[in-house]
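Hi,

Here is the structure I promised to pass on.

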Amino acid sequence: NNEYPAQQDLPPIPKNIRDLKASLEAKGFAVTDALNLDLPRSRAAIDAFSRTVAASPPNATIFFYFAGHGVQDQARNLLISAGVNPSVLGDVQNGSLELNLDVVGPLAPRTTGATYAVIDSCRVSLRSALRDRDGLNQVEAPVGCLIAFSTAAGKPAISSALPTENTFYTASLVKVLNASSEDTSFV
């Protein structure tokens, strides 16, 4: 998501989506992208993705990617939907997906494959942003799942303000994927 209230938008996100999609497709992934979804449409996209995952072979590699605003509210890691003000507690609590419950949890466990959840967002605490306290707690991934964050707990993510540039993390991810050997297999 890149469309947030004034001064909170994230111009590099559409480029992130285009570049990562091209890299993943070049590696054989079937990619479904979604950009700037409000909470109901985000839930519908996750539900559709979960159905696709459930229908995939047990050895399939699953890759979930989110770029946008993210915060911690108490012990929950929240991915903020488009249009939600990331600095207003009530808006965030009512307009976000919870990473483990709403995203990783519904993905069918892989018996021989793996699930990757890549989160390119800040990991600051919402209350920290409002009151200067600690950042996100660590996340415990289910068996067979790796959750990768663009930054350490309690830290902001690095991003350009230009729509012609990627966020730092996604630029690095795309570079590594593009440079990986043609023999590299994800299935």
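To start with a cysteine: is C122 buried, partly exposed or exposed? With a relative accessible area of 22%, C122 comes out as partly exposed. C145, on the other hand, counts as buried at 14% relative accessibility. If you were wondering about disulfides, the count is zero. Do keep in mind throughout that this is a predicted model.

Now the pocket. The largest pocket has a volume of about 990 Å³, and 38 residues line it. Those nearest its centre are T32, F49, F63, F64 and Y65. Helices and strands that give two or more residues to this lining are α1 (13-26), α2 (39-55), β1 (61-67) and β3 (76-80). Sorted by class, the lining has 26 nonpolar residues, nine polar ones and three charged ones.

In one, F29 and F63 sit edge-to-face, with 6.2 Å from centre to centre and 65° between the planes. F29 is in the loop between α1 and α2 while F63 is in strand β1, so this pair links distant parts of the chain, 34 residues apart. Both F29 and F63 are buried.

What is the geometry of the other pair, F49 and F64? Their ring centres are 6.3 Å apart and the planes meet at 50°, so this pair is tilted. It also joins distant parts of the chain, with F49 in helix α2 and F64 in strand β1, 15 residues apart.

On to the charges. Side chains of opposite charge can pair when their charged atoms come close. How many salt bridges does the model have? The count is three.

One is between K15 and D19, where the closest N and O atoms are 2.7 Å apart. K15 and D19 are four residues apart in helix α1, which means that about one helical turn separates them. K15 is a lysine to look at on screen, as its relative accessible area is 18% and that makes it buried.

Another salt bridge brings the side chains of K21 and D33 together, at 3.7 Å from N to O. K21 belongs to helix α1 and D33 to the loop between α1 and α2, so the pair ties together parts that are 12 residues apart in sequence. K21 is partly exposed at 25% relative accessibility, and D33 is partly exposed as well, at 40%.

That leaves D102 and R43, whose side chains meet in a salt bridge at 3.3 Å, N to O. This one links distant parts of the chain: D102 lies in helix α4 (residues 99-104) and R43 in helix α2, 59 residues apart.

Cheers

Terms used
Residues are numbered from 1 along each chain as its sequence is written. This is a predicted model: local features need pLDDT of at least 70, side-chain atom pairs count only at pLDDT 80 or more; totals for chains, interfaces and linings use all residues. Side-chain values use heavy atoms; hydrogens and water are left out. On a 1 Å grid over the protein atoms alone, a cavity is a set of points where a 1.4 Å probe fits but cannot get out, and a pocket is an open set with protein on both sides within 12 Å along at least five of seven lines; lining residues have an atom within 4 Å of a point. Grid points are joined across faces, edges and corners, and a volume is the space filled by probe spheres set on the points. Ala, Val, Leu, Ile, Met, Phe, Trp, Tyr, Cys and Pro count as nonpolar, Asp, Glu, Lys and Arg as charged, and the others, Gly among them, as polar. A disulfide is a pair of cysteine sulfur atoms within 2.5 Å. Buried means under 20% relative accessible area, exposed over 50%, partly exposed in between (1.4 Å probe, protein chains only). A salt bridge is a side-chain nitrogen of Lys or Arg within 4 Å of a carboxyl oxygen of Asp or Glu. Rings of Phe, Tyr and Trp (its six-membered ring) pair if their centres lie within 6.5 Å; planes under 30 degrees apart count as stacked, over 60 as edge-to-face and the rest as tilted.
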